[in-house]
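Here is a short note for a colleague new to this entry. Please keep the structure open while reading.

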Amino acid sequence: MGREKAAKILETLRRNFSLPEWTGSPCRNVFATLIRTIISQNTSDVNTARAFEKISKKFRMTPEAFSKASLEEIEECLKPAGLYRNKSRMIKRLSNIILEKFDGKLEKVLALPTEEARKTLLMLPGIGRKTADILLLFCAKKPVVPVDTHVNRVSRRLGLAPAQGSYEEVRLALQSLYDAEDYLAVHVLLILLGRKYCKARKPLCGSCPLNDVCPRVNVEDE
(Lines give C-alpha, C1' and ligand atoms only; values in the text may rest on other atoms or scores of the structure.)
Protein backbone atom coordinates (compact mmCIF):
# COMPACT_ATOMS: atom_id res chain seq x y z
CA MET A 1 0.00 0.00 0.00
CA GLY A 2 1.15 3.53 -0.75
CA ARG A 3 1.46 6.38 1.72
CA GLU A 4 -1.38 8.31 0.05
CA LYS A 5 -3.94 5.58 0.73
CA ALA A 6 -2.51 5.02 4.21
CA ALA A 7 -2.92 8.74 4.91
CA LYS A 8 -6.56 8.56 3.80
CA ILE A 9 -7.16 5.69 6.22
CA LEU A 10 -5.66 7.67 9.09
CA GLU A 11 -7.67 10.75 8.16
CA THR A 12 -10.89 8.71 8.21
CA LEU A 13 -10.01 7.20 11.57
CA ARG A 14 -9.36 10.66 13.03
CA ARG A 15 -12.80 11.80 11.85
CA ASN A 16 -14.58 8.82 13.38
CA PHE A 17 -12.69 8.34 16.63
CA SER A 18 -11.34 10.65 19.30
CA LEU A 19 -7.99 9.95 20.87
CA PRO A 20 -8.39 9.37 24.63
CA GLU A 21 -7.33 12.33 26.77
CA TRP A 22 -4.55 10.32 28.41
CA THR A 23 -2.68 10.04 25.10
CA GLY A 24 -1.82 13.71 25.37
CA SER A 25 -0.54 13.44 28.93
CA PRO A 26 3.02 12.59 29.93
CA CYS A 27 3.72 9.11 31.27
CA ARG A 28 3.74 9.57 35.03
CA ASN A 29 4.88 6.10 36.05
CA VAL A 30 6.94 3.94 33.70
CA PHE A 31 6.83 0.98 36.06
CA ALA A 32 3.02 1.12 36.28
CA THR A 33 2.84 1.11 32.48
CA LEU A 34 5.10 -1.94 32.45
CA ILE A 35 2.94 -3.78 34.99
CA ARG A 36 -0.28 -3.04 33.11
CA THR A 37 1.25 -4.20 29.83
CA ILE A 38 2.45 -7.47 31.35
CA ILE A 39 -1.02 -8.06 32.81
CA SER A 40 -2.55 -7.45 29.36
CA GLN A 41 -0.61 -10.29 27.73
CA ASN A 42 -3.11 -12.92 26.50
CA THR A 43 -5.82 -11.17 28.51
CA SER A 44 -8.94 -9.26 27.45
CA ASP A 45 -9.12 -5.50 27.90
CA VAL A 46 -11.83 -5.89 30.55
CA ASN A 47 -9.90 -8.39 32.67
CA THR A 48 -6.70 -6.39 32.28
CA ALA A 49 -8.45 -3.34 33.71
CA ARG A 50 -9.91 -5.35 36.60
CA ALA A 51 -6.59 -6.90 37.56
CA PHE A 52 -4.66 -3.64 37.25
CA GLU A 53 -7.18 -1.76 39.36
CA LYS A 54 -6.94 -4.41 42.04
CA ILE A 55 -3.14 -4.51 42.13
CA SER A 56 -2.72 -0.73 42.00
CA LYS A 57 -4.97 -0.40 45.05
CA LYS A 58 -2.98 -3.03 46.93
CA PHE A 59 0.56 -1.84 46.13
CA ARG A 60 2.48 1.30 45.33
CA MET A 61 3.53 1.07 41.70
CA THR A 62 7.27 0.78 42.36
CA PRO A 63 9.81 -2.03 41.97
CA GLU A 64 10.53 -1.74 45.69
CA ALA A 65 6.94 -2.49 46.65
CA PHE A 66 6.71 -5.57 44.44
CA SER A 67 10.13 -6.79 45.47
CA LYS A 68 8.98 -6.86 49.09
CA ALA A 69 5.52 -8.26 48.37
CA SER A 70 4.81 -11.96 48.73
CA LEU A 71 4.08 -13.94 45.59
CA GLU A 72 0.71 -14.94 47.06
CA GLU A 73 -0.33 -11.29 47.48
CA ILE A 74 0.50 -10.50 43.87
CA GLU A 75 -1.27 -13.62 42.61
CA GLU A 76 -4.44 -12.73 44.50
CA CYS A 77 -4.58 -9.38 42.70
CA LEU A 78 -3.91 -10.86 39.28
CA LYS A 79 -6.51 -13.64 39.38
CA PRO A 80 -8.85 -11.79 36.96
CA ALA A 81 -6.06 -11.96 34.36
CA GLY A 82 -4.98 -15.04 32.44
CA LEU A 83 -1.81 -16.90 33.44
CA TYR A 84 -1.80 -14.96 36.69
CA ARG A 85 0.71 -17.23 38.44
CA ASN A 86 3.28 -16.85 35.66
CA LYS A 87 2.71 -13.10 35.49
CA SER A 88 3.05 -12.76 39.26
CA ARG A 89 6.40 -14.55 39.26
CA MET A 90 7.55 -12.46 36.31
CA ILE A 91 6.58 -9.16 37.93
CA LYS A 92 8.42 -10.04 41.12
CA ARG A 93 11.51 -11.18 39.23
CA LEU A 94 11.47 -8.07 37.04
CA SER A 95 11.13 -5.83 40.06
CA ASN A 96 14.26 -7.33 41.60
CA ILE A 97 16.23 -6.98 38.36
CA ILE A 98 15.16 -3.35 37.85
CA LEU A 99 16.27 -2.57 41.39
CA GLU A 100 19.62 -4.32 40.98
CA LYS A 101 20.55 -3.18 37.47
CA PHE A 102 18.89 0.21 37.12
CA ASP A 103 18.50 1.45 40.70
CA GLY A 104 14.76 0.93 40.39
CA LYS A 105 14.39 3.37 37.49
CA LEU A 106 13.54 2.21 33.97
CA GLU A 107 13.81 5.84 32.89
CA LYS A 108 17.56 5.25 32.61
CA VAL A 109 16.90 2.68 29.89
CA LEU A 110 14.34 4.81 28.08
CA ALA A 111 16.80 7.70 27.90
CA LEU A 112 19.07 5.62 25.65
CA PRO A 113 18.87 5.88 21.83
CA THR A 114 15.81 4.04 20.53
CA GLU A 115 17.41 0.84 19.27
CA GLU A 116 19.74 0.57 22.26
CA ALA A 117 16.83 1.11 24.64
CA ARG A 118 14.74 -1.47 22.80
CA LYS A 119 17.56 -4.02 22.86
CA THR A 120 18.09 -3.47 26.60
CA LEU A 121 14.39 -3.85 27.38
CA LEU A 122 14.14 -7.04 25.34
CA MET A 123 16.91 -8.59 27.42
CA LEU A 124 14.71 -8.37 30.52
CA PRO A 125 12.49 -11.37 31.40
CA GLY A 126 8.83 -10.90 30.61
CA ILE A 127 9.40 -7.99 28.24
CA GLY A 128 8.67 -8.90 24.65
CA ARG A 129 8.55 -6.68 21.59
CA LYS A 130 5.06 -5.31 22.21
CA THR A 131 5.79 -4.46 25.83
CA ALA A 132 9.10 -2.84 24.95
CA ASP A 133 7.54 -0.78 22.18
CA ILE A 134 4.68 0.40 24.39
CA LEU A 135 7.17 1.67 26.95
CA LEU A 136 9.24 3.34 24.24
CA LEU A 137 6.28 5.06 22.58
CA PHE A 138 4.15 6.08 25.55
CA CYS A 139 6.80 6.71 28.18
CA ALA A 140 9.70 8.00 26.07
CA LYS A 141 8.00 9.27 22.89
CA LYS A 142 10.33 7.10 20.81
CA PRO A 143 9.43 6.55 17.12
CA VAL A 144 7.96 3.04 17.23
CA VAL A 145 4.51 1.56 16.55
CA PRO A 146 3.61 -1.17 19.06
CA VAL A 147 1.71 -4.06 17.49
CA ASP A 148 -0.87 -5.56 19.81
CA THR A 149 -3.52 -8.08 18.77
CA HIS A 150 -5.87 -5.37 17.45
CA VAL A 151 -3.19 -3.50 15.50
CA ASN A 152 -1.93 -6.76 14.04
CA ARG A 153 -5.35 -7.92 12.89
CA VAL A 154 -6.63 -4.59 11.60
CA SER A 155 -3.46 -3.55 9.75
CA ARG A 156 -3.37 -6.88 7.92
CA ARG A 157 -7.04 -6.73 6.91
CA LEU A 158 -6.62 -3.17 5.67
CA GLY A 159 -3.58 -4.11 3.62
CA LEU A 160 -1.34 -1.80 5.64
CA ALA A 161 0.92 -4.74 6.49
CA PRO A 162 1.73 -8.17 5.00
CA ALA A 163 -1.14 -10.62 5.48
CA GLN A 164 1.16 -13.20 7.06
CA GLY A 165 3.75 -10.78 8.40
CA SER A 166 5.67 -11.26 11.62
CA TYR A 167 5.57 -8.73 14.44
CA GLU A 168 8.58 -6.89 13.04
CA GLU A 169 7.24 -6.93 9.49
CA VAL A 170 3.94 -5.43 10.60
CA ARG A 171 5.65 -2.81 12.78
CA LEU A 172 8.10 -1.75 10.08
CA ALA A 173 5.37 -1.66 7.43
CA LEU A 174 3.30 0.74 9.54
CA GLN A 175 6.33 2.87 10.35
CA SER A 176 7.19 3.14 6.66
CA LEU A 177 3.69 4.36 5.79
CA TYR A 178 3.38 7.08 8.43
CA ASP A 179 5.44 9.90 9.86
CA ALA A 180 6.86 9.40 13.35
CA GLU A 181 4.64 12.16 14.73
CA ASP A 182 1.60 10.04 13.82
CA TYR A 183 2.78 6.74 15.32
CA LEU A 184 0.87 7.13 18.57
CA ALA A 185 -2.35 8.05 16.75
CA VAL A 186 -1.93 5.13 14.33
CA HIS A 187 -1.48 2.69 17.20
CA VAL A 188 -4.42 3.94 19.27
CA LEU A 189 -6.85 4.49 16.38
CA LEU A 190 -6.27 1.02 14.93
CA ILE A 191 -7.02 -0.41 18.37
CA LEU A 192 -10.25 1.59 18.61
CA LEU A 193 -11.29 0.41 15.14
CA GLY A 194 -10.54 -3.18 16.10
CA ARG A 195 -12.58 -2.99 19.28
CA LYS A 196 -15.65 -1.39 17.71
CA TYR A 197 -15.81 -2.70 14.14
CA CYS A 198 -12.92 -4.90 13.02
CA LYS A 199 -13.49 -7.60 15.61
CA ALA A 200 -11.60 -10.88 15.52
CA ARG A 201 -14.84 -12.78 14.94
CA LYS A 202 -17.73 -11.45 12.90
CA PRO A 203 -16.26 -8.04 12.00
CA LEU A 204 -18.88 -5.35 11.40
CA CYS A 205 -17.71 -4.51 7.89
CA GLY A 206 -21.03 -3.04 6.77
CA SER A 207 -20.95 -0.25 9.34
CA CYS A 208 -17.17 0.28 9.40
CA PRO A 209 -16.08 3.79 8.36
CA LEU A 210 -13.33 2.22 6.23
CA ASN A 211 -15.67 -0.13 4.39
CA ASP A 212 -15.13 1.64 1.06
CA VAL A 213 -11.33 1.35 1.12
CA CYS A 214 -10.75 -1.91 3.01
CA PRO A 215 -9.72 -4.93 0.90
CA ARG A 216 -10.82 -7.22 3.77
CA VAL A 217 -7.71 -9.36 3.50
CA ASN A 218 -8.41 -12.85 4.90
CA VAL A 219 -11.65 -11.72 6.55
CA GLU A 220 -13.68 -14.60 5.11
CA ASP A 221 -10.99 -17.07 6.17
CA GLU A 222 -10.98 -16.03 9.84
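The points below cover the pocket and then the aromatic pairs.

1. Basis. This is a predicted model, in which local features need pLDDT of at least 70, side-chain atom pairs count only at pLDDT 80 or more, and totals for chains, interfaces and linings use all residues. Residues are numbered from 1 along each chain as its sequence is written, and side-chain values use heavy atoms, without hydrogens and water.

2. The largest pocket holds about 1,100 Å³ of space. Its lining has 34 residues; the closest to the centre are Trp22, Arg36, Thr37, Ile134 and Arg195. A pocket here is an open set of points on a 1 Å grid over the protein atoms alone, where a 1.4 Å probe fits, with protein on both sides within 12 Å along at least five of seven lines; lining residues have an atom within 4 Å of a point.

3. Pocket position. Domain 1 (1-21 + 145-207) and domain 2 (30-140) both contribute lining residues, so the largest pocket lies between them. The domain bounds come from an automatic or database domain assignment.

4. Phe17 and Tyr197. Their ring centres are 6.3 Å apart and their planes stand at 70 degrees, so the pair is edge-to-face. Rings pair if their centres lie within 6.5 Å; planes under 30 degrees apart count as stacked, over 60 as edge-to-face and the rest as tilted. Phe17 and Tyr197 are 180 residues apart. Both are buried (under 20% relative accessible area, 1.4 Å probe, protein chains only).

5. Phe31 and Phe66. With centres 5.7 Å apart and planes at 50 degrees, this pair is tilted. Both residues are buried. Together with Phe59, Phe31 and Phe66 form one aromatic cluster.

How values were computed. Grid points are joined across faces, edges and corners, and a volume is the space filled by probe spheres set on the points. Rings of Phe, Tyr and Trp (its six-membered ring) pair if their centres lie within 6.5 Å; planes under 30 degrees apart count as stacked, over 60 as edge-to-face and the rest as tilted. Helices (H or I, at least four residues) and strands (E, at least two) are DSSP runs, numbered from the N terminus. Buried means under 20% relative accessible area, exposed over 50%, partly exposed in between (1.4 Å probe, protein chains only).
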